[in-house]
Amino acid sequence: MTEGTIHHRDTFLNNIAEKLGRERKLSVDRPLRQNQPQWAVYEGYTQDDLLAVFKKACEAIHTDVRETDAASLTQAIEDVITEKDGSIVIPKDPRFSSFGLEGMLARHNVHVWDVSLGQENIKRAEKAIYGITFSEKTLAESGTVVQYNDKDMARSISLLPENYIAIIPKSSLVPRMSQLTRDIHERVKAGEKVPTCVNLISGPSNSADIEMNLVVGVHGPVKAEYIVVTDL
Amino acid sequence: MKVSLFITCLGEIFYPNVGKDVVEILEREGCDIDFPAGQTCCGQPAYNSGYKEDAAKAAKQMIRSFEDSEYVVTPSGSCAAMVREYPGLFEENTVWHNRAEKVAAKTFELTQFIVNVLRKEDLGASYNARATYHTSCHMTRLLGEKEAPFKLLKHVKGLELIPLSNSYDCCGFGGTFAVKMGPISGQMVDEKVRHVEETDADILIGADNACLMNIKGRIDRRGKPIEVMHIAQILNHREEGEA
Amino acid sequence: MGMKIGNHPFFDRVDEGINNSFMRHAVSSAQDRLRGKKLNVTVNDQDLGDWEEWRSAGEEIRRHTLENLDFYLGQLSDAVAERGGHVFFAETAEEANKYIQEVVGRKKAKNVVKAKSMVTEEIGLNEALEEAGCHVHETDLAEYILQIDDHDRPSHIVVPSLHKNKEQIRDAFRDKLGYEKTDKPEELAGFAREQLRQVFLDAEVGITGCNFAVAESGSVALVTNEGNANMVTTFPETQISVMGMERIVPTWEDLDVLVNLLCRSSVGQKMTSYITALTPGVKEDSVDGPKDFHLVIVDGGRSNALGTEFQSALHCIRCGACVNVCPIYRHIGGHAYGSIYQGPIGAVLSPILGGYEEYGELPYASSLCAACTETCPVKIPLHEHLIKHRQNYVAGQGRSKASERIAMKAFGIGAGSPSLFQMAAKSAPFVTKPFVKDDKIPKGLGPLKQWTETRDFPAPSKSNFRKWFEGHTKKGEAND
């Protein structure tokens, strides 16, 4: 089944139009939004300023932030991986080699997501202690990393292992969600396809459902670690 | 400045002395007070119960009574807020809508009038007591007046004002709500009174007789001796030896 | 089970709530805690700018969207289908359930995992799925707790198990699942994690609600903290998302504003741990993520509000902020409302969706203190809607009491006539005299009976303001 279908649309939408007291609308001329407070947030902040904001935000979401330069990235990751025997799952992402991480990865039990292996990938991810991905855009305001998931950048990697490690190029920092969504909006307008899963992750999974007490680590990762690469 | 007093139905029947204090305070500030004899009730009991037509009858009488006034001042944030709602009662009647708008625009709650129109904050009052203050919902949320009572109380000599926890929670009056939903209202006023008791204040001050009637009813029932006073009674008070 | 909770009359439910001291403690401490958390990330967040401007932005987007709802739903469905997803428009709960039953039937699904969703609760989807032979696994911690505890009903739209304490949760886990650890929230949550991990991996179908659908790209955005919604939409081969028809934004830029308002208003977070926007991609050859994507768009009575004075009730983004400040909810809890939608928004929405016959009393369960209106992040005038419901109710759509109608008629006549009003005012001290004791009425009759159950009523004053004022004015003139 690759072709989509739509059922009962016309009666449904005609009813809406009728209740609204007009004909069905087939186009909308939208006026510019009057209230746009989002652009003033951290306006004019440098990457250094945004990094400071980001680090502050991470305090509130139980997430440690480390800073490193590209040359020491290997060491920074080693420092985070305290369980040396623990297996690691990573996406098929050329950045792992272009940032010189291959040597480090070779020393560990690493599974690189490979779509040709099918369900085996999920089994490996389920057993992995660490999942590592790069952040595509990073939202300073809320301590949020962003993933665009696809067949290589699989959803499971940041979800199944107990520990999630995000590698964050400092240049990926933007003030807040507005910059991300504007970018996606522009791309949609230009006819590009949105990734099937745009995932904004802010720290480890958590819940306050039991007597409003915060429990960190529910169905997703129990721990999240961010490594900011200051010269990328 | 000419000011017409709208005493409110509750004020006229239960708290005439508050009306007297209002008159004396405003006269001392140089206002010329009149009391339009045709005034009745703002109409809120009917309006809030869903009886818009019956509320409109009250509103028309109020508009007739006050449309020649320069300012209308009332010792109730809730009733003032209701008068500000009047235009909405006459959406289909342009003539009455316009008349309603004029009255609504010149109606003020007492403390709001003193602070924002007369631009006075120190009225020379003094009152030796520990007090806490009940911020009523309609005054703060519908009328949007959160500051005026505190600005005035700050200048009352001898008065120590203790913050009231959960001050933002409704006291449970809500007009007909208190009799229609008695059990819920009873729980609300009980919690309010418990918070008042926790402050260890000698008096509870408020700017709405309706809330005060409700809270006092519960305070008296629980038995801890806390006096309940309208802000006008405080602002019109002078301790002996004070000017 | 649908939208309705319980069969007891309203006042019995209220009494039940008032007498449930654990629940009341849980609710009031949750309200007090959330108030501070919310203030920190809204009006007191200096970096965010003016919170009022954010609220205006939210209102503006919601108003525009609802005014053009047919267009945006059309655009959404086109975008979903273009990416290979299926869209089903359901006028009623039955139609929605039937379609979903057919989908799970075709898949021969035995295990269905669900992320938290109020609309699926509203349409009674779990029962429909069980009827179709499926095991339904709720995976949101709160929903999981309710399901384990004999299908208890939600009492809060954001934290459905708010009325339960950790001891009750431990006991339910122990009795039903053989749980052996303590009542520590960490251990209880850890147990749910263990229990559900394999369930996620084995389920054939994952069902979610929808916080916001994005019309321009055919995406469904989910706002969660636990990671369960991600699980539900990552491993099962089929994803079914169910949305109330108003839960839509035109563009990603609008999504930004509303997600911001939702996270901050509901739980006092800048962002929840996961904001996940899912777009069908059945042509994409990935290992995780669904191969089959269904979006079910439900009317379920919502269109009753379109074009009426209640249209802005559909602006609601289900943040629960109004519930969290409501002093009525504080004392009676969620179940007393008899609807899965409780608090102020519940009292506005339930009669729209379910009629006055069933929910006509709810609009009266408010002191009209307007705390809800003040806090609503998209500026729905909730307390005004409650008054409008009351107007409809007394105008014949509900069952108002004849005695009340007569009393209000009399009020109108009395307050419309100064002479009658003064007569009533003057006679008040005499009429009430037999009940007065020490200037108080400790035990009232008729409408005053409920008042005097818990508090005294004052005796009308014997002094007459009008007379005093007349004398006062004369004295003033004499002094001139």
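**A–C contact.** I started with chains A and C: their contact takes 74 residues from chain A and 86 from chain C, counting two residues as in contact if their C-beta atoms, placed from the backbone, lie within 7 Å. On the chain A side, the elements that each supply at least two residues include strand 1 (5-7), helix 1 (9-19) and helix 7 (177-189). Helices (H or I, at least four residues) and strands (E, at least two) are DSSP runs, numbered from the N terminus.

**Ground rules.** This is a predicted model, so I note that local features need pLDDT of at least 70 and side-chain atom pairs pLDDT 80 or more, while totals for chains, interfaces and linings use all residues. Residues are numbered from 1 along each chain as its sequence is written, with chains lettered from A and ligands numbered from 1 in the order written.

**Strands across the A–C contact.** I looked up strand 1 of chain A again: three bridges join it to strand 1 (residues 86-90) of chain C, and the two run parallel. Strands pair if DSSP finds at least two bridges between them. His7(A) has Phe88(C) as its bridge partner.

**B–C contact.** Next I checked chain C against chain B: 51 residues of chain C are in contact with 56 residues of chain B. Helix 19 (residues 402-416) of chain C gives the largest share of the chain C side, seven residues.

**Around Ile297(C).** Which residues does Ile297(C) touch, not counting those up to four places away in sequence? I found Leu73(C), Val87(C), Phe89(C), Ala90(C), Met243(C) and Met245(C).
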